[in-house]
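Work through these exercises with the model open beside you. Try each task before you read its solution.

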Amino acid sequence: QPQIILLKEGTDTSQGKAQLVSNINACTAVADVVRTTLGPRGMDKLIHDDKGNVTISNDGATIMKLLDIVHPAAKILVDIAKSQDSEVGDGTTTVVLLAGEFLKEAKPFVEDGVHPQNLIRIFMSLFMLNVLHNGQAIEKIKELAVSIEGKSLEEKKSLLAKCAATTLSSKLIGGEKEFFASMVVDAVIAIGSEDRLNMIGIKKVPGGNMRDSFLVNGVAFKKTFSYAGFEQQPKKFTNPRILLLNIELELKSEKENAEIRLSDPSQYQSIVDAEWNIIYDKLDKCVKSGAKVVLSRLAIGDLATQYFADRDIFCAGRVAEEDLNRVAAATGGTIQTSVNNIIDEVLGTCEVFEEKQVGNERFNIFSGCPSGWTATIVLRGGADQFIEEAERSLHDAIMIVRRALKNSTVVAGGGAIDMEISRYLRQHARTIAGKSQLFINSYAKALEVIPRQLCDNAGFDATDVLNKLRHKHALPSGEGAPYGVDINTGGIADSFANFVWEPSVVKINAINAATEAACLILSVDETVKNPK
């Protein structure tokens with residue numbers, strides 16, 4: 001029989017069991033890349049591209065973004081890492097590892113001829129939110145979680161700091177985690193119910209050491225370009241009024257080719273005078289408004305700088321837009337596009353404004369702002385890459401603290417929660433007849449990858465530690481539930497007592513996303529690649 005040609009010449013199709021297995025292998029390979037970055041003893045990855053940018057990172061999402069993955073199935077893992085990053089901020093490595101491990105556990109079943117849909121059905125039933133009830137595993141997490149609602153602010157702060165410290169312990173700045181954790185908690189509490197993350201500014205100043213980083217309860221930004229006359233301006237005010245402008249205060253030459261015909265040379269002077277009067281009028285209105293600090297997004301020229309200096313007013317031109325918006329939010333001012341009719345309502349204020357030296361940069365710092373919806377963290381450190389990585393780590397910690405504040409339940413970290421769910425599912429599997437028992441067991445086994453990887457990365461004997469953990473979690477009294485890997489001694493320890501905590505939403509999200517991704521990859525049985 002003649003061959004039927006359906007697809008264009010050069011189309012590459014592969015289908016069936018072999019295709020599924022090769023997709024699983026690709027995903028396992030991706031998971032192996034980030035595998036070693038998990039946990040407090042995780043290693044970092046150095047990635048450099050053809051442009052010569054070098055990134056050193058420990059953050060799963062950052063690594064996944066920077067790896068240019070071309071395999072279509074493995075790209076799904078990159079997407080779940082990104083979604084975990086934008087949804088909860090931390091747990092990006094966990095999510096990739098879990099998805100890879102679920103697939104790895106499913107592989108022998110697929111090779112033995114189990115229909116992938118059977119696996120998918122079981123995996124989904126464990127986790128996904130059915131109409132009747134949440135999946136068993138999610139119920140379990142919610143059951144084990146401890147609420148931080150109704151605690152006083154001080155207690156809450158220490159609880160949140162513990163969560164932040166757990167996140168930071170696996171990052172480059174883990175050595176100073178207490179220092180940074182309290183800083184992050186203060187920053188998040190400072191912005192209060194304000195959800196926009198850009199209200200927390202992070203400014204990087206090379207030089208000094210990590211300990212020199214500090215938090216400004218307000219706004220800080222680098223001193224802008226300034227003209228002569230700047231030196232005479234006062235550099236510190238208490239309770240100043242702050243005027244925010246979006247206009248340039250300098251002599252403007254006419255943009256259009258205006259033509260003026262003069263019959264008498266003396267008339268020329270009046271035109272020049274008119275130009276000067278316009279700018280003096282503008283400056284005069286600024287001064288009359290009673291503002292002591294004038295910031296503008298556009299240039300403030302040398303004439304204006306001198307004029308303000310003579311009247312003891314501080315000015316800064318060409319302030320970056322996001323900084324100006326942050327100042328507006330913090331001080332309660334409104335950005336003006338004209339100097340006419342400046343009323344008191346549009347002026348902002350803060351307790352202290354000062355300009356001070358940070359490293360080799362000068363910073364303008366507004367602190368003690370009334371509306372208080374903003375904070376700025378000034379990061380110091382030796383190398384540029386180091387500060388970049390510190391910024392990424394702080395971003396994770398900030399997200400975590402926000403999540404914990406909102407969802408206010410925490411679970412034990414250090415692989416404790418994973419072991420507990422794993423034990424629970426194994427028990428649950430015994431009550432089920434048929435093949436599904438095997439699938440649930442394999443899912444439970446896959447969850448153990450987190451504690452196992454924590455041990456491997458720290459150089460401990462994973463088999464030994466996992467056996468101790470299984471034994472502890474299997475105690476009928478249930479006292480072993482909070483036990484996880486003890487990174488310092490290579491044994492096991494009560495994670496809850498050691499303050500290794502993470503918001504429960506991180507775990508729920510991670511396991512959900514990983515299960516979904518695994519099911520998605522298991523449900524693909526053919527790849528068609530169209531030629532260009």
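Buried means under 20% relative accessible area, exposed over 50%, and partly exposed in between, with a 1.4 Å probe and protein chains only. Helices (H or I, at least four residues) and strands (E, at least two) are DSSP runs, numbered from the N terminus. The model is predicted: local features need pLDDT of at least 70, side-chain atom pairs count only at pLDDT 80 or more, and totals for chains, interfaces and linings use all residues. Residues are numbered from 1 along each chain as its sequence is written, and side-chain values use heavy atoms, with hydrogens and water left out.

**Exercise 1. The chain as a whole**

Task: Describe the chain by its secondary structure, its dimensions and its burial.

Solution. 
- Step 1. Count the elements. The chain has 17 helices and 21 strands.
- Step 2. Check the dimensions. The C-alpha trace spans about 105 × 70 × 45 Å along its principal axes.
- Step 3. Compare with a globule. The radius of gyration, taken over C-alpha atoms, is set against a rule of 2.2 Å times the number of residues to the power 0.38. A compact globule of 532 residues would come near 24 Å, but this chain has 30 Å.
- Step 4. Look at burial. Of the 532 residues, 50% are buried.
- Step 5. Accessible areas come from the Shrake-Rupley method with a 1.4 Å probe, and for residues only the protein chains shown count as cover. The chain exposes about 24900 Å², and carbon and sulfur atoms supply 51% of it.
- Step 6. Look at contacts, meaning heavy atoms within 4.5 Å. Among those with a separation of 6 or more, 75% join residues 24 or more positions apart.

**Exercise 2. A sheet of three strands**

Task: Work out the strand order of the open sheet that holds β5, β16 and β6.

Solution. 
- Step 1. Two strands pair if DSSP finds at least two bridges between them.
- Step 2. Take β5 and β16. They run parallel and are joined by seven bridges. K203 stands opposite V378 in β16.
- Step 3. Take β6 and β16 (residues 375-381). They pair in the antiparallel sense over three bridges. L215 stands opposite I377, and V216 stands opposite T376.
- Step 4. The order is β5-β16-β6, and the pairing is mixed. The edge strands are β5 (200-206) and β6 (214-216), and each pairs on one side only.

**Exercise 3. The faces of β16**

Task: Why is β16 described as largely enclosed by the rest of the structure?

Solution. 
- Step 1. In a regular strand the side chains alternate between the two faces of the sheet.
- Step 2. Read one side of β16: A375, I377, L379 and G381 are buried.
- Step 3. Conclude. Seven of the seven residues of β16 are buried, so the strand is largely enclosed.

**Exercise 4. Two aromatic pairs**

Task: Classify the ring pairs F102 with Y443 and W276 with Y280.

Solution. 
- Step 1. Rings of Phe, Tyr and Trp (its six-membered ring) pair if their centres lie within 6.5 Å; planes under 30 degrees apart are stacked, over 60 edge-to-face, and the rest tilted. The count comes to 15 aromatic pairs.
- Step 2. F102 and Y443 are 4.4 Å apart centre to centre, with 10 degrees between the planes: stacked. This pair links distant parts of the chain, since F102 lies in α4 (residues 92-111) and Y443 in α14 (residues 436-447), 341 residues apart. Both F102 and Y443 are buried.
- Step 3. W276 and Y280 are 6.1 Å apart centre to centre, with 35 degrees between the planes: tilted. Both lie in α9 (residues 266-288), four residues apart, about one turn of the helix.
- Step 4. W276 is partly exposed, because its relative accessibility is 33%. Y280 is partly exposed at 33% relative accessibility.

**Exercise 5. A residue in a loop**

Task: Is S495 buried or exposed?

Solution. 
- Step 1. Find S495 in the loop between β19 (491-494) and β20 (501-503).
- Step 2. S495 has a relative accessible area of 4%, so it is buried.
- Step 3. Leave aside neighbours within four places in sequence. The contacts of S495 then include A412, G413, Y483 and W501.
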